[in-house]
Amino acid sequence: MPSDIPQADLSLLLAVFLPPAALDTFGPLVAERTLDTPFGPVGPVGLRARSHGPAIWVQPYSGSPVRTDPRAAIHAALQLGARQILAWDACVSLTPTLQRGQIAIVSDYIDWTRSLPHTFAGADASLEQIDQTAQRPVICPRLSAALRRAMPDAVDVVYLGMDGPRRETAAEARMYAQWGADVAGYNLVPEAALAQEAGLCYAGLVTVAEIGADRAQPDPHGEVRAALGAALAALPDFLNEVSPAGECVCRAPLL
């Protein structure tokens, strides 16, 4: 990459629908890359930078049946030089306390995916130099705390990752809630575990877009669009705080 292009150490996996112009919040597009990884191509990934403040890589992301191999998404972040990943997903509420348009921060997760790879083991020799024996938090507490400061009205949630695109049944929604899950989605798991395995910091931001199948579905009144706008407006403050990345308990040392 040319030397006059700014560097970015945070990659945003964007799994919410925003109009392209909304991304100008992070500054104009200054570079674009498509990457070849051992797990398939990724991209185009856009680098956005403001005149004052850190740059950020933005990767559109989708939990569809033809979704990017999650290992490719994490490997691409490594290739781009990112040491931190923020994944932003639209999710289904599994509890009556979370309504459409609620902004939430992932504090923990339940992995209920069954068709996706959950490890790089045996597939990428370049990651064998990272110490995998240390006990480290999967969800980065430093990034999560910065999200809370930038979005003080957000709540903490347990995220249940499931295979898409099929929605949950009413019985499944009740079961997931009994397990302790607050929301369900398609895009943050197993990416969180793969990021930890790769020695990267990882945090999850979610916007409640749907209500669980066991409850009545309210008519939309623009609350999701308003919540997306509010979160987007707050993210530059988050980015200013966490970039450049400092030392963190999430990132494993090289052996």
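On a 1 Å grid over the protein atoms alone, a cavity is a set of points where a 1.4 Å probe fits but cannot get out, whereas a pocket is an open set with protein on both sides within 12 Å along at least five of seven lines, and lining residues have an atom within 4 Å of a point. Grid points are joined across faces, edges and corners, and a volume is the space filled by probe spheres set on the points. The model is predicted, so that local features need pLDDT of at least 70 and side-chain atom pairs count only at pLDDT 80 or more, while totals for chains, interfaces and linings use all residues. Residues are numbered from 1 along each chain as its sequence is written, and side-chain values use heavy atoms, with hydrogens and water left out.

The count comes to 1 cavity of 30 Å³ or more, and about 30 Å³ of space lies in the largest cavity. Its lining consists of Leu-10, Phe-26, Ile-56, Leu-86, Leu-235, Phe-238 and Leu-239, with the largest share, 3 residues, coming from H5; helices (H or I, at least four residues) and strands (E, at least two) are DSSP runs, numbered from the N terminus.

| Pocket | Volume | Lining | Nearest the centre |
|---|---|---|---|
| Largest | about 490 Å³ | 26 residues | Ala-15, Phe-17, Asp-89, Ala-90, Asn-187 |

In the largest pocket, strands E1 (10-15), E5 (84-93), E8 (183-185) and E9 (201-211) and helix H5 (223-242) each supply at least two lining residues, and E5 gives the most, with 4 residues. For the second largest pocket, the largest share of the lining, 3 residues, comes from E3.

Helix H5 also meets helix H2 (residues 141-150), and the two axes (lines fitted to C-alpha atoms over the stretch in contact, with angles from 0 to 180 degrees between N-to-C directions) come within 9 Å and cross at roughly 140°. H2 and H5 are therefore oblique to each other, given that angles under 35 degrees count as roughly parallel, over 145 as roughly antiparallel, 65 to 115 as roughly perpendicular and the rest as oblique. In this contact, meaning heavy atoms within 4.5 Å, Arg-142, Leu-143, Ala-146, Leu-147, Arg-149 and Ala-150 of H2 meet Ala-234, Leu-235, Asp-237, Phe-238, Glu-241 and Val-242 of H5.
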